[in-house]
Amino acid sequence: MSVIRRAVTDPSQLSPREKMQALLGMLLAMFLAALDQTVVATAGPEMQKALQIDASLYTWITTAYLVSSTVLVPVYGKLSDVFGRKRIVVFGVVVFLVASMLCGLSQSTAQLIAFRALQGVGSASLFTSAFAVVADLFPPSERGKYSGLFGAVFGVSSLVGPLLGGFITDTFGWHWVFFINLPIGAIALTFILLRMPPLKPKLEAHPTIDVFGAVLLALAVVPFLIALTLGRPVVREGEFGYLWSDWHVWSLFAIALVGAIGFIAWELRVKEPLVDLRLFKNPSVAFGSATVFVMGGAFLTPMVFLPLFMVNVVGVTATASGLTISPLVLGVVAGNVLSGQLVSRIGKYKPLMLGSLVLLIVGFTIMTFTLTASSTQSEVTVKMVLLGLGLGPSIPLYTIAIQNAVPPQQMGVTTSMVTFFRQMGSTVGIAVVGSLFATTLTTEISTRLAAATKDLPPELVQRFAGNQRPGAPSEEGGPTQRFEAEKLKAKVNEQLDGALAVATKALEGDALARQLVASSPFADEQLKEAAEAGGLRAMVRARFTVLRAKLRHAARDDAAWAEFLAAADGVALPAARPLDEVALTTLDAQLEMAGAAAADQAFAQAVANVKAAIDAQRPKLFATIDAVGGALKEAFTEAILMVYRLALGLAVIALLLTLRLPQLPLRKTVGPIGPPIAE
């Protein structure tokens, strides 16, 4: 039996005020979900400390949310086409708010991860329905003016979220980053319930829900996302994950492949599919979706990887590095809003797409060829504006183009596909680029550190280089501890002063100091020998003690005295041997006093020699520290340049795909195209 859909409520009959109120409700709902992601990321370390979250489970606070929200996007799209946008949006907001409250009340890691997954279930509805509601309320010819607002919401939340999250966490505690969702969500829910029209289709036959298709989709997406989360180019001690070549990762990819093949085969044969794959025969849908996927990978790279450059190369704090992204975010917001306004005015989207992509390619090219280890914060900040203006239009324009090419009856599932491909592109892009970044960085650091520390003793090189292995970033964040040369020099100064004190104690015969000197890469053999002998004074006195013991025997005849004088080379002794007891006693006392003086003199000279040796090492070590700092900056710069070269390649691919995208006239109504669609 065929299923024919017509809208019960004609959105064109709604007053502008009613449309704006419905739009405001959706904007608040979207802001709620978008803000939550950035706020929670900022509070993550405090959650980890309070709940004692194991480091191996920390990323699952985000992964659980990401997996559940991504896999349900197409499902909600289909459900909204069947049951209407309002029901699905209300359901999503309610689930999100309940999950937010439960997250704030969580008392264990398992509870927090589970409730974050539930939050993802709710947020998927909001991300899917937002652009679909705009499509229901406004025709394509006007849609750009309003679609850009949703892109702006993402930008504002990215800018405000970290600051708000830090303030809430420091002032009220991490629980309130979830509780803050409740009043915002209540306002959004009020507008939606009271002002949003049902936007509900009229069903002339009872629809069937493709449950098996949803299961197959989950089988394809969930293992794939988990594999991308767990895959690592290098697994460090204490880190939970597997090498990309590990069978665990490949097993997950294999399951995902089986699920994807099964999903495609099932959707092609079922009468009421979850995702109508016939839509991809439409060039606008096919090339638009492919471009959205590619742009998803290019969109997050500046935001995720630039702070690493700012902290580790430019040398700013983590907070200041976040402020460097602000111009990029503002550029994204401006690009969203302006492109939406322009497409509504000129009635064409493709010229704006191509123009923004050219601008993006220029921005990535400038970053690729001008970013150096000596770049300043102001220089990078200016370049970010250009990238933001190029990235901004990608959110609304491709959505408008794809929506304009499909019947309104399939607006929900089509819009959900756009969101799905954008999220998948971002996830795949971050995983792949992050792994390449880590590999490049590790290689560059190893090569450059070897050159910078070539003059250091091997033991010190190993100890020094072992602490300079930054990890790869992820969507949740990356290493933010920069190499601070001046602090390290101050620490080296303290250690060298301490080494002088230890050497002095070792020369005095201290047992613990003797052990430290024996293991020091800087101690020479003479110092180690003196320390091993129980101290330099004891060693010198022992020599004089031996001479005193032989004195009486040597005084018996001239031949023995001559042999004694030869053995006492360097000690002031009379050429003639003592002939009586008084002379022997006097000479013995003189040897005792000379031994004490020689011991003190040798000790003072040895300490002076050690100090001179340490002072000679000080500028060498400082120069090595500067060389290491420069090597790390060069290594990070090269790794970041690799990221931007990849992003440039993605932008070029997106441009080529967009060239194949047809320019269709923008419809001026929100009603059906021609006769109703029979399925």
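A: A residue is called buried under 20% relative accessible area, exposed over 50%, and partly exposed in between, using a 1.4 Å probe and protein chains only. Ser344 counts as buried because its relative accessibility is 18%. One caution before we go on: this is a predicted model, where local features need pLDDT of at least 70, side-chain atom pairs count only at pLDDT 80 or more, and totals for chains, interfaces and linings use all residues. Residues are numbered from 1 along each chain as its sequence is written, and side-chain values use heavy atoms, with hydrogens and water left out.

Q: How is pLDDT read, and what is its mean for the protein?

A: pLDDT is the predictor's confidence in each residue, from 0 to 100. For this protein the mean is 78, and 84% of the residues reach 70 or more. Residues 1-9 stay under 50, and the model has 37 contacts for them beyond four places in sequence. Residues 469-480 are also below 50, with 30 contacts in the model beyond near neighbours in sequence. Where pLDDT is low, the predicted coordinates should not be read in detail.

Q: What does a contact mean here, and what share of the contacts comes from residues 24 or more positions apart?

A: A contact means heavy atoms within 4.5 Å. Among the contacts with a separation of 6 or more, 82% join residues 24 or more positions apart.

Q: How many helices and strands are there, and what percentage of the residues is buried?

A: Helices (H or I, at least four residues) and strands (E, at least two) are DSSP runs, numbered from the N terminus. The protein has 23 helices and 4 strands, and 51% of its 679 residues count as buried. Accessible areas come from the Shrake-Rupley method with a 1.4 Å probe; for residues, only the protein chains shown count as cover. The accessible surface is about 29,900 Å², with 65% of it belonging to carbon and sulfur atoms.

Q: Which residues of helix H15 are buried?

A: Helix H15 spans residues 394-404 and is mostly covered, with 11 of its 11 residues buried. Among them are Ser394, Pro396, Tyr398, Gln403 and Asn404.

Q: How do I describe two packed helices, and at what angle do H1 and H6 pack?

A: Two packed helices are described by the angle between their axes and the distance between the axes. Axes are lines fitted to C-alpha atoms, for helices over the stretch in contact, and angles run from 0 to 180 degrees between N-to-C directions. Helix H1 (residues 16-51) and helix H6 (residues 140-171) pack at about 35°, their axes 7 Å apart.

Q: What is the handedness of the crossing of H1 and H4?

A: A crossing is left-handed if the near helix is turned anticlockwise from the far one by less than a right angle, and right-handed if clockwise. H1 and H4 cross in a left-handed way, whereas H1 passes H6 in a right-handed crossing. The axes of H1 and H4 (residues 85-104) come within 11 Å and cross at roughly 35°. The H1 residues in this contact are Met26, Ala29, Leu32, Ala33 and Asp36, and they meet Val89, Val93, Phe96 and Leu97 of H4. By class, that contact has 8 nonpolar, no polar and 1 charged residues. Here Ala, Val, Leu, Ile, Met, Phe, Trp, Tyr, Cys and Pro count as nonpolar, Asp, Glu, Lys and Arg as charged, and the others, Gly among them, as polar.

Q: Is Gln119 buried or exposed, and which residues does Gln119 touch?

A: Gln119 is in helix H5 (residues 109-137) and is buried, because its relative accessible area is 0%. Beyond four places in sequence, Gln119 touches Asp36, Tyr65, Phe96, Ala99, Ser100, Cys103, Phe178 and Asn181. Arg116 is also found in H5 and is buried, with a relative accessible area of 2%. Its contacts beyond four places include Asp36, Tyr65, Cys103 and Phe178.

Q: Why does Lys489 count as buried?

A: Lys489, in helix H18 (residues 485-508), is buried because its relative accessible area is 14%. Beyond four places in sequence, Lys489 touches Phe622, Ile625 and Asp626.
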